[in-house]
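Keep the viewer open as you read.

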Amino acid sequence: MIGGAAAKPKKRSDRLLFRPALFEGWALNLVFSGVCLAAMAFCFSFFSAQQPGPLFFLSFLVAISLFLPIGFFAYRLYALTTASYVLTRNSLRLRWGLRSETIPLTDISWIKTPADLNQDIPWPFLPTPGAYAGKVTLGNGDEVEFMASSLKTMLFVGTPSTIYGISPRLPSLFMTAYERMLQLGILTEAERQTVRPADWFVASFKNRIARFSAPASLLMIALLALWLGFRLNHAQFVRFGWTAEGALRDPVPAGNAMILPILSGVCWAVNFVAGVRLYRFDKLKRTAEMIWGASVLVCAVFLLSGFFIV
């Protein structure tokens, strides 16, 4: 049960899996994403009805820029869905989206609730239920990194280098499990491992196909949107090509054509992120390259389809 008090950590041998509360974060980020999608649809509709000029290009830039907040809230949904805190007899592994940290239990100095701390800790950028994520620096120079979804279940994990803010759905049970792992004793010394989202993208952009795919795809999406804006200026209806018999298809509202750059952008974003995720595995690097290459072909097909609108 999502966020329910009866939820139990998943157990496998001496490995305990805890998750944060999900419902509030899912609901809020879905609402934010829906508002941004509606605003983008309005901007594309407004843009397609303008005469070429400053207002035309300004509305186009606003519509395109809304892809950024949509991607931001979509990533928050993904991070919350994949978030986990795994306790073993030698380590605590934190995961938040593409970010993960493996902390040896010997590196953990303390675990405290916010009330137990002797200082105020600032919140990271844009803190909302389901997304207390990011890094802040305290006045004494200590760093605090949040991977949490709720203030109600917040715990702080102290290590020599960084303090981590987490929020297991059942914090008291998490504390009990941590104490139990310490009592059982450490079998082997765990290795400290740090993986950041930037590491994934930096590694991907060392690949020449990824470096070509991203700018080429975005350029075609922009050209498609601009072409449709000029082509459909003040048009009430359009026809999407011809039938197999050579006759023009039935007319549809001109604003419907603006779905093409939106779909093209969504396809590119999904392909790009999927490629970045797969590229970290040696056996799947070739698959990632194929996905990046396919995104260029998909955007080219969308661009070409824009020239068949009559």
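First, some ground rules. This is a predicted model, so local features need pLDDT of at least 70 and side-chain atom pairs count only at pLDDT 80 or more, while totals for chains, interfaces and linings use all residues. Residues are numbered from 1 along each chain as its sequence is written, and side-chain values use heavy atoms, with hydrogens and water left out.

The protein chain has eight helices and 13 strands; these are DSSP runs numbered from the N terminus, helices being H or I with at least four residues and strands E with at least two. Of its 310 residues, 42% are buried, where buried means under 20% relative accessible area, exposed means over 50%, and partly exposed is in between (1.4 Å probe, protein chains only). Take the contacts (heavy atoms within 4.5 Å) between residues at least 6 apart in sequence: 61% of them join residues at least 24 apart.

Zoom in on strand 7 and strand 8 (residues 143-148), which run antiparallel and are joined by six bridges. Across from Lys 135 you'll see Glu 145 of strand 8, and Thr 137 faces Glu 143 of strand 8. The hairpin has five residues between the strands, and there Gly 141 takes a positive phi near 95°.

Glu 145 leads us on to the charges. The structure holds seven salt bridges, each a side-chain nitrogen of Lys or Arg within 4 Å of a carboxyl oxygen of Asp or Glu. In one of them, Arg 99 meets Glu 145 at 2.8 Å, N to O. Arg 99 sits in strand 5 (residues 99-104) and Glu 145 in strand 8, so this pair ties together parts 46 residues apart in sequence. Arg 99 counts as buried because its relative accessibility is 6%, and Glu 145 is buried too, at 9%. Arg 99 also forms a salt bridge with Glu 101, with the closest N and O atoms 2.9 Å apart.

Another salt bridge joins Arg 192 and Asp 107 (3.5 Å, N to O). Arg 192 is in the loop between helix 4 (171-184) and strand 11 (193-195), and Asp 107 is in the loop between strand 5 and strand 6, 85 residues apart. Arg 192 is partly exposed at 27% relative accessible area, as is Asp 107 at 23%. Through shared partners, salt bridges join Arg 99, Glu 101, Asp 107, Glu 145 and Arg 192 into one network.

What about an arginine with no salt bridge? Arg 76, in helix 3 (residues 67-82), is buried yet has none, and the nearest side chain of opposite charge, Glu 24, is 12 Å away. A polar atom of the Arg 76 side chain does lie 3.3 Å from the backbone oxygen of Phe 125. Beyond neighbours within four places in sequence, Arg 76 is in contact with Asn 29, Phe 125, Leu 126, Thr 128 and Ala 131.

Note on methods: Lys, Arg positive; Asp, Glu negative; His and termini not counted. Polar contact = N/O pair within 3.5 Å; in protein donor to acceptor, adjacent residues only side chain to side chain. Pairing = 2+ DSSP bridges.
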